[in-house]
Amino acid sequence: FRLYTAAWFAGLDEATRPEVLRCNLSEVVLQLLKLGFHLSNGSGFPFVDPPSPEALTQTFTTLRIIGALDDQLRLTPAGEAMSHLPIDPLLSATLLQAHQWNVTREVAGVIAMLTVPNVFVSTRLQADTAERAIRHFKNMAGDHITLLNIFQGYAKAMGAEDGVFEIPSGSLRGPPPEAQQFCH
C-alpha cells in the first residue's frame, strides 16, 4: 500500500542525500577543529561524503565573522568556548555576547525557545484560546521579545521566576570550566 502515485515514486532519488551535504556545517567544523583536525582545504578529515569546497568556505567565513576562528582558521578563545555549548555557533556567539551586556538570562531564555519545536501549536478547536494566549505575550518589538515573554511566563508558572530551573542532582554533567562563567 502506497500513499503516492507510481509516477511520483519513479521520480524519487534512489538514496537520500547525506545529511552532511544538506545541513549547516558550522557546528561540525567547530567540533572538528576543537578535536585538532585541520580543515582549511577540506582534506583534513576523512568525510564519507565530503561537503563541497563552497560549503566549507561559507562555513569558515561565518565562523570568522562571529569570532570563532582567526584568519588562519584556528579556534579563538571565543570559538573554544562556543565549541563547549551544544547549540548552533551563531546562538553560542550570541550567548557569549549577552554576558558582556549583562543580559545572559534573557538571551538564554530566547535561545532556549529557539531550540525547541514550535510553541505555537494548537488544534482547530483551541485556535481562539491559543490566539488569546499568544496575544498576551506578543510584543511589537519582535518575535524574539515575544519568545522571551513566553519563556518568562512559563518560568513564573513553574515557580522559577528568575528563569533558573533546578535540575535533579546527577541527571546532567556540569558545564565545562570554560562555560561555567556563564552559568550563574
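Tyr4, Trp8 and Phe9 come together as one aromatic cluster. The model is a predicted one, so to speak of local features takes a pLDDT of at least 70 and side-chain atom pairs count only at pLDDT 80 or more, while totals for chains, interfaces and linings use all residues. Numbering runs from 1 along each chain as its sequence is written, and side-chain values use heavy atoms, with hydrogens and water left out.

Rings of Phe, Tyr and Trp (its six-membered ring) are paired when their centres lie within 6.5 Å, and planes under 30 degrees apart count as stacked, over 60 as edge-to-face and the rest as tilted. That rule gives two aromatic pairs. Tyr4 and Trp8 make a tilted pair, 5.0 Å centre to centre with 50° between the planes. Tyr4 and Phe9 are stacked, at 5.8 Å and 10°. Tyr4 itself sits in the segment before α1 (6-10); helices here are DSSP runs (H or I, at least four residues) numbered from the N terminus.

How covered are these rings? Tyr4 is partly exposed at 35% relative accessible area, and Phe9 is also partly exposed, at 41%. The labels are simple: buried is under 20%, exposed over 50%, and partly exposed in between (1.4 Å probe, protein chains only). Leu3, Tyr4, Trp8, Phe9 and Leu12 also make a nonpolar surface patch of about 570 Å². Patch members have over 30% relative accessible area and no salt bridge, with nonpolar side chains (Val, Leu, Ile, Met, Phe, Trp, Tyr) joined within 5 Å and like charges within 9 Å. A salt bridge would be a side-chain nitrogen of Lys or Arg within 4 Å of a carboxyl oxygen of Asp or Glu, and the areas are Shrake-Rupley values with a 1.4 Å probe.

On to the pockets. At least two lining residues come from each of α6 (104-114), α7 (127-137) and α8 (143-157).

Finally, the backbone. Most residues other than glycine have a negative phi. Leu73, in the loop between α3 (53-65) and α4 (77-83), has a positive phi near 65° and is buried at 15%. Asn102, in the loop between α5 (89-100) and α6, has a positive phi near 60°, but counts as exposed at 68%.
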